[in-house]
Amino acid sequence: MPRPASVTIGVSLKMYFGHHETLNWCRRIADIADRHPAVTGGLAEVFVLPSFPTLVPAAGLLAGTGVRVGAQDLCAHDAGAYTGEVSGAQLKEIGCGYAEVGHAERRRLFHEDEAVVAAKTAAALRNGLTPVLCVGEPERTDAAQAAARCVAEVESALADAERAGTLGPLVVAYEPQWAIGAPEPASPEHIRAVCAALAAWLAGRGPLAGSRVVYGGSAGPGLLTRLGPEVGGLFLGRFAHDPAAFEQILDEAMALHGTPVAGGV
Ligand SMILES: O=C(CO)COP(=O)(O)O
């Protein structure tokens, strides 16, 4: 499999930072993205998912840097009496490019089942947002079993959008639940095998052309260059909190294309 022309590097800040801390982090990321050849040269497509209140100022701070913003969640409905919810239409209006759906924490802590994940995936797509659809096996298992489960999760998540005729490219984030918040990511062999199965499944479906499969779950510096072309990038959590680590991952994105950054990897 040839290596794609670019990798996707996403960061979810979850609810780790305060408001001002998030904006300071965005300023640092904007500075890095502005000058880093992986971003300026189009080798890395970067998105960040801060919490809702920071989306508007974060989009302002990152404007013109090539880094897109997105939300960590969205409502399955576009408007109406849904107290506390934020719609895909609103997210689009304020400049979001992405909406995360189906993260393990939302499935586990907020009881989002397959039906909710499918409805939210459809809401993202019909509002012109790229879903960052998280899938992953709960317990350690072999790669074949993990892949079968993940493919089934993607298929189920896309059912509503398929019925509505609004399928479009998405980012599938393969996040084994047991590797989230852990000291170490899954092994490169396991990641490659599961991502290959997901990429093969996506490749056979026309409306999904342009979709990416990325890996998340304790991903950080040193992982990307140990993965193969089946893995379209990384979905980062804690190990992007330090902007220097984020920059190192961009250096690694350059190295993947045989263009190491001076002083980098
Ligand atoms: O869940 C994740 C990204 O959404 C991964 O988080 P960690 O990298 O902190 O384990």
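**Close-up views around the ligand and beyond**

Lys-14 lies in the loop between β1 (7–12) and α1 (19–35), where helices (H or I, at least four residues) and strands (E, at least two) are DSSP runs, numbered from the N terminus. This is a predicted model, in which local features need pLDDT of at least 70, side-chain atom pairs count only at pLDDT 80 or more, and totals for chains, interfaces and linings use all residues. Residues are numbered from 1 along each chain as its sequence is written, and side-chain values use heavy atoms, with hydrogens and water left out.

**View 1. Lys-14 and its backbone.** Let us stay with Lys-14 for a moment: its phi is near 45°, a positive value in a residue other than glycine. Most residues other than glycine have a negative phi. Lys-14 is also one of the residues that surround the ligand.

**View 2. The shell around the ligand.** Lys-14, His-103, Glu-175, Ile-180, Gly-181, Gly-217, Ser-218, Ala-219, Phe-235, Gly-237 and Arg-238 surround the ligand; a residue is near a molecule if one of its heavy atoms lies within 4 Å of it. By class, this shell holds 3 nonpolar, 5 polar and 3 charged residues. Here Ala, Val, Leu, Ile, Met, Phe, Trp, Tyr, Cys and Pro count as nonpolar, Asp, Glu, Lys and Arg as charged, and the others, Gly among them, as polar.

View 3. A polar side-chain atom of His-103 lies 2.7 Å from a ligand oxygen atom. From the backbone, an N or O atom of Gly-181 lies 2.7 Å from an oxygen atom of the ligand, and for Gly-237 a backbone N or O atom is 3.4 Å from an oxygen atom of the ligand. The protein covers 100% of the 300 Å² of accessible area that the ligand has on its own (Shrake-Rupley method with a 1.4 Å probe).

View 4. Look for Ser-218 in the loop between β7 (212–216) and β8. Its phi is near 60°, again a positive value in a residue other than glycine. Is Ser-218 buried or exposed? At 10% relative accessibility, Ser-218 counts as buried (under 20% relative accessible area, with exposed over 50% and partly exposed in between; 1.4 Å probe, protein chains only). A polar atom of the Ser-218 side chain lies 2.7 Å from the backbone oxygen of Ala-179, and the side chain also makes a polar contact of 2.8 Å with that of Arg-238. A polar contact is a pair of N or O atoms within 3.5 Å; within protein, one must be able to donate a hydrogen and the other to accept it, and residues adjacent in sequence count only if both atoms are side-chain atoms.

View 5. Arg-238 is found in the loop between β8 (233–236) and α10 (243–256). With a relative accessible area of 26%, Arg-238 is partly exposed.

**View 6. Glu-112 and Glu-114.** Glu-112 has its place in the loop between α5 (104–109) and α6 (114–126), and counts as buried at 8% relative accessibility. Its side chain is joined to that of Lys-120 by a polar contact of 2.7 Å. Glu-114 lies in helix α6 and is partly exposed, at 35% relative accessibility. From Glu-114 to Ser-156 the C-alpha to C-alpha distance is 6.8 Å, although 42 residues separate them in sequence.
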